[in-house]
Amino acid sequence: MELKLVERVQRENDHYAFEQLMRQNQSPIRQFLRRLTLQNQAIADELAQETFLKAFVHIKSYRGEAKFLSWLFKIAYQQFVSSTRKKTELTNAVVEEKADDGQFEQRLVAERTVKDLLKYLKPDERAILLLHFSHDLTHQEIAIVMQIPLGTVKTQIRRSRLKLKSFAEVSNSEETDEK
Amino acid sequence: MKNDFLDDDWLKDELLDEYINDDDFSFSVVKKIELHETKSKVAFYAALFLAITLFGFLFLADLMMMFSGNSAETLANAQKILPFMQMEYVGIFVILLSFVLIWSFEDFDLI
């Protein structure tokens, strides 16, 4: 069904078919970008719109080898990476605070969910965990989306989840101390 | 906070986000697509218009003379500049370009 819609857009430049494709795929793309931009919805949605615009313009280069959603994730991630070059404060602010002092630990204590802890990871670590656990992409698909070697994907997933675990331990230990 | 980071299913549940879907988003993107298409068309029409103007300037005088029955020796304008050009082909080319321009205006609702 999805492939037929893609073919219609490729063949006839069909806006209606592309709108259907957008309805089917907008949620994961927007969720992904919102998490990457630390829940800055305005910027995330702007990036999502740019992603779909770019997808429409370049849809002829999609050959159906990967899932259409993976292809969209690749564009979305590229959009995000190029936007972070201009707006570094959006993605690195929380991570950079780690270098400061004890404030980082204090902030961790205030966090209550795993989603909250995500913002303490670097953008690429966040992306890799989200693609794998939230959006069910395989290691191979993530390697294509993020344009990194397969081995790096596996290592990064393990490292990032351990990092999250250590953040949660700090958060939990402080909670226990308070009690 | 529960700490089960080595359990894939638990981590998946923890990272799950609410489903987002609104028609405004798709509508905005479609508008952007239309704007993008219009912009790229405008560049195309501008180039087409320039091409027709240039060809008109270079060859119109010659074509007029040719169609009004004057002999090839009296051809004045472009034949002197570009003696290798065949006026008949140039004439057909200019007419073709004009048709493309008119068709484009109608087809893409530019006017």
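Which residues in H2(A) meet which residues in H4(A)? In this predicted model, Asn25(A), Pro28(A), Ile29(A), Phe32(A), Leu33(A) and Leu36(A) of H2(A) meet Phe68(A), Leu69(A), Leu72(A), Phe73(A), Ala76(A) and Phe80(A) of H4(A). Two residues are in contact if their C-beta atoms, placed from the backbone, lie within 7 Å. By class, this contact holds eleven nonpolar residues, one polar residue and no charged residues. Ala, Val, Leu, Ile, Met, Phe, Trp, Tyr, Cys and Pro count as nonpolar, Asp, Glu, Lys and Arg as charged, and the others, Gly among them, as polar.

Local features need pLDDT of at least 70 and side-chain atom pairs count only at pLDDT 80 or more, whereas totals for chains, interfaces and linings use all residues. Residues are numbered from 1 along each chain as its sequence is written, and chains are lettered from A and ligands numbered from 1 in the order in which they are written.

**Chain A overall**

Chain A has ten helices and zero strands; helices (H or I, at least four residues) and strands (E, at least two) are DSSP runs, numbered from the N terminus. Of the 179 residues of chain A, 37% count as buried. A residue is buried if 20 or more other C-beta atoms lie within 10 Å of its own, exposed if 12 or fewer, and partly exposed in between, with C-beta atoms placed from the backbone. Among contacts in chain A between residues at least 6 apart in sequence, 64% join residues at least 24 apart.

**Helix packing**

| Helix pair | Axis separation | Angle |
|---|---|---|
| H2(A), residues 15-36, and H4(A), residues 68-86 | 10 Å | about 30° |
| H8(A) and H1(B), residues 8-15 | within 9 Å | roughly 105° |

Axes are lines fitted to C-alpha atoms, for helices over the stretch in contact, and angles run from 0 to 180 degrees between N-to-C directions. H2(A) and H4(A) are therefore roughly parallel to each other, and H8(A) and H1(B) are roughly perpendicular to each other. Angles under 35 degrees count as roughly parallel, over 145 as roughly antiparallel, 65 to 115 as roughly perpendicular and the rest as oblique.

Among the buried residues are Arg126(A), Ile128(A), His132(A) and Ser134(A). Just after H8(A), Asp136(A) takes a positive phi of about 60°.

Leu130(A), Phe133(A) and Ser134(A) of H8(A) meet Leu11(B), Lys12(B) and Leu15(B) of H1(B). The residues of this contact divide into four nonpolar, one polar and one charged.

Between the two chains, 28 residues of chain A are in contact with 20 residues of chain B. H2(A) gives the largest share of the side of chain A that touches chain B, eight residues. By class, that side of chain A has ten nonpolar, nine polar and nine charged residues.

**Val153 in helix H10**

Val153(A) is found in helix H10 of chain A and is buried, with 23 other C-beta atoms within 10 Å. Not counting residues up to four places away in sequence, Val153(A) touches Ile128(A), His139(A), Ile142(A), Ala143(A) and Ile148(A). The C-alpha atoms of Val153(A) and Ile128(A) are separated by 7.4 Å, although these residues are 25 residues apart along the chain.
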